[in-house]
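Subject: Structure handover

Hi,

Here is the structure I promised to pass on.

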Amino acid sequence: MTADHPLENELETWLAHRTSTPSPEILPRVVARIARVDQRPGFLTRDRYDLGVPRIALERHVAAATATLVVVLATALAVGLGGVLRPSSSAFATTGGLFAPSDSVAFRAAVEPVAGVPAFNWRAGTYAEYLGSGWGWGAVDRLAVAASEPIDARGLENSPVGSSVVRVHIVVTPDSFAAPTVLGPSGIKSIGEPVDAVVQHKGGWLTSIERHAGSASYTLTAVIRIPDGAPGELNEATLRSAGTSYPAGILDTYTALPEGAVGPASRAVLEAVRAAVPDGLDAANPYDLARTMEAYLADADNFTYATDVRAEVAGRCAGMSTAECFATIRRGYCDYFATTMAVLLRESGVPARIAYGFLGGDRNADGTEVVEASLAHWWVEVYFPGVGWFPFDPTGGGVGRPHVLPQGR
Amino acid sequence: MRRDLVERARSGDRGAFAELAASSTARLFNIAELMLRDRYLAEDAVQEALVVAWRDLRGLRNPDAFEAWLHRVLVRCGHREAARERRRSARTLALTPAVQHPDSAAALEDRDAIDRAFVRLAPEHRVVLVLRHYLGMTDREAGSTLGVPTGTIRSRLNRAKAALRSELEADARGSGLAMESIR
């Protein structure tokens with residue numbers, strides 16, 4: 001600043017003294033958003049980074065990038081700055097046409113080496129509400145759960161039935177997946193530290209489990225189904241005969257669809273699936289319909305697995321729901337496959353939701369497992385009365401891992 | 001203290017990040033409002049910048065560079081808000097009257113004049129003036145923040161100052177103010 005530059009001098013003085021007060025709501029909104037922003041693995045996208053965030057951040061922090069961009073809806077919240085942050089808010093993810101994971105390690109796990117424990121997906125949470133262009137938690141409540149206290153969610157959420165179940169201890173060590181979300185098999189019973197269980201406001205169905213802070217290791221106990229061929233083992237016959245006497249309220253939440261979710265192309269896919277139900281099975285039976293749909297969607301003759309469909313989406317999907325878009329362009333990745341299956345099941349009156357998390361990594365004999373960010377995944381869970389939520393995985397391209405059951409009688 | 005907060009936030013401590021955000025919001029808002037001339041767009045840009053910052057903080061190698069890094073994130077988010085707004089409509093934007101702390105009546109008049117002149121500048125001129133003369137960035141830093149060559153920053157800066165000068169002159173002609181102080 002010199003006398004040679006009176007203009008700059010004036011300008012700098014003006015700039016330095018010019019103050020204006022932002023709305024006091026900015027900070028609470030930001031706090032609510034950051035509490036939600038890392039709810040699902042892969043909230044980061046290349047699209048997002050095109051926004052211009054420094055390259056260094058892109059290289060080092062594309063944690064578990066999937067194609068979706070989590071936008072966050074914050075509702076009421078109570079914030080104590082520097083204290084406990086307890087927003088009551090809801091997360092959602094929109095499907096954006098690109099799945100671009102980094103090659104980082106998302107997290108490491110050590111599964112107690114109990115004989116017969118199979119590979120399983122690591123679930124981060126579930127989406128209940130279809131928004132047409134993505135999925136959201138819907139209205140949720142947070143329940144404080146003490147360390148080692150049983151997480152008592154409704155509807156056999158975390159209690160695989162049958163005799164062939166085993167309780168195992170698991171240690172999870174986050175790496176690039178630094179969200180406070182607890183990752184574990186679907187049958188989590190308790191966590192070794194105080195957590196919040198995020199549950200559906202209506203009905204209490206489990207949505208996600210959140211730690212209070214930190215990205216250090218945590219322990220959990222889970223009940224896992226073991227495929228051992230024992231008489232009490234869960235089998236296809238059990239699911240087929242589960243019936244449709246659904247618990248109160250479940251249909252309201254898990255068969256709801258927004259207007260325009262299903263259009264002509266997706267309706268045609270549903271008809272094709274019904275027609276593909278094998279002889280002797282029943283297209284009106286939720287299990288037979290779901291199994292057939294899972295295989296139909298994963299079939300490369302019908303749909304192609306592709307991680308970048310931005311061009312097709314931009315060119316052909318204007319105004320369409322993700323399900324209708326996928327049925328139209330017939331290409332996509334897990335978000336598209338899973339969304340379409342969940343939507344078409346809902347359209348058929350079968351309660352279904354999206355599960356998000358990671359496919360299992362290769363587990364060593366000592367139970368250790370490294371899960372790469374590229375294993376970030378969406379799959380579908382379908383509710384069967386008396387059994388609970390059962391996973392289906394319709395993603396094609398050899399990516400999806402359908403959960404195989406013995407036939408039973 | 002601040003470095004400690006940055007390190008804690010970088011390792012996922014939301015409380016630490018909230019403290020950082022709380023101490024940055026006013027400044028970020030000021031920058032955004034100067035850039036965008038619209039209170040609501042500015043608030044959106046600040047929110048967006050803080051969320052992006054939280055998400056990408058792990059990529060920040062040097063905690064001491066947090067502030068400069070955060071400003072860069074904000075400028076980019078502000079650009080995006082501006083672009084979005086341009087697409088949305090051509091509605092007129094008005095700068096919220098700023099609270100001034102003048103040291104004299106004459107200074108007040110000068111600053112009012114700058115206020116009026118600044119608002120009339122093109123967005124890219126306002127941005128470059130803010131980067132250089134409010135945030136104290138070098139041409140090179142400003143260039144990397146905006147993703148343009150250093151030479152472009154220099155020429156843009158010259159054009160921005162010329163534009164500011166001519167707006168001030170026009171303003172002075174209108175109000176009969178002497179020109180010495182702004183030449």
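Let me start with one residue: A:Arg330 is partly exposed, because its relative accessible area is 29% (buried means under 20%, exposed over 50%, partly exposed in between, with a 1.4 Å probe and protein chains only). A:Arg330 sits in the loop between helix 10 (322-329) and strand 16 (331-332) of chain A, where helices (H or I, at least four residues) and strands (E, at least two) are DSSP runs, numbered from the N terminus. Although A:Arg330 is not a glycine, it has a positive phi of about 65°.

Some housekeeping before the rest. This is a predicted model, so local features need pLDDT of at least 70 and side-chain atom pairs count only at pLDDT 80 or more, while totals for chains, interfaces and linings use all residues. Residues are numbered from 1 along each chain as its sequence is written, chains are lettered from A and ligands numbered from 1 in the order in which they are written, and side-chain values use heavy atoms, with hydrogens and water left out.

Back to the backbone. Most residues other than glycine have a negative phi. Besides A:Arg330, A:Ser148 has a positive phi, about 70°, and is not a glycine either. You will find A:Ser148 in the loop between strand 9 (140-145) and strand 10 (165-174) of chain A. With a relative accessible area of 51%, A:Ser148 is exposed.

Now the two chains. Chain A has 11 helices and 20 strands, and 57% of its 409 residues are buried. Take its contacts (heavy atoms within 4.5 Å) with a separation of 6 or more: residues 24 or more positions apart account for 77% of them. Chain A exposes about 15300 Å², with carbon and sulfur atoms supplying 53% of that; accessible areas come from the Shrake-Rupley method with a 1.4 Å probe, and for residues only the protein chains shown count as cover.

Chain B comes to eight helices and zero strands, which reads along the sequence as α-α-α-α-α-α-α-α. Buried residues are 54% of its 183. Among chain B contacts between residues at least 6 apart in sequence, 62% join residues at least 24 apart. Chain B exposes about 8000 Å², and carbon and sulfur atoms supply 50% of it.

On to the cysteines. A disulfide is a covalent bond between the sulfur atoms of two cysteines, and the cut-off here is a pair of cysteine sulfur atoms within 2.5 Å. The structure holds one over all chains: A:Cys317 is joined to A:Cys325, S to S 2.0 Å. The torsion about that S-S bond is about 75°, so the disulfide is right-handed. A:Cys317 counts as buried at 8% relative accessibility, and A:Cys325 counts as buried at 3%.

What about empty space? Rolling a probe the size of a water molecule over the atoms shows where it is left. The search of the whole structure finds three cavities of 30 Å³ or more. A cavity is a set of points, on a 1 Å grid over the protein atoms alone, where a 1.4 Å probe fits but cannot get out, and lining residues have an atom within 4 Å of a point. Grid points are joined across faces, edges and corners, and a volume is the space filled by probe spheres set on the points.

The second largest cavity has a volume of about 90 Å³. Its lining includes A:Arg123, A:Val182, A:Pro185, A:Ile188, A:Leu206 and A:Ile209. Strand 6 (122-127) and strand 13 (206-211) of chain A are the elements that give two or more residues to this lining, and strand 13 gives the largest share, four residues. By class, the lining has six nonpolar, five polar and one charged residues (Ala, Val, Leu, Ile, Met, Phe, Trp, Tyr, Cys and Pro count as nonpolar, Asp, Glu, Lys and Arg as charged, and the others, Gly among them, as polar).

Lastly, A:Thr292 in helix 8 (residues 286-298) of chain A. A:Thr292 is buried, with a relative accessible area of 10%. Not counting residues up to four places away in sequence, A:Thr292 touches A:Val273, A:Ala276, A:Val277 and A:Pro278.

Cheers

Definitions and conventions. 1 Å grid on protein atoms, 1.4 Å probe; cavity = no way out; pocket = protein on both sides within 12 Å on 5 of 7 lines; lining within 4 Å.
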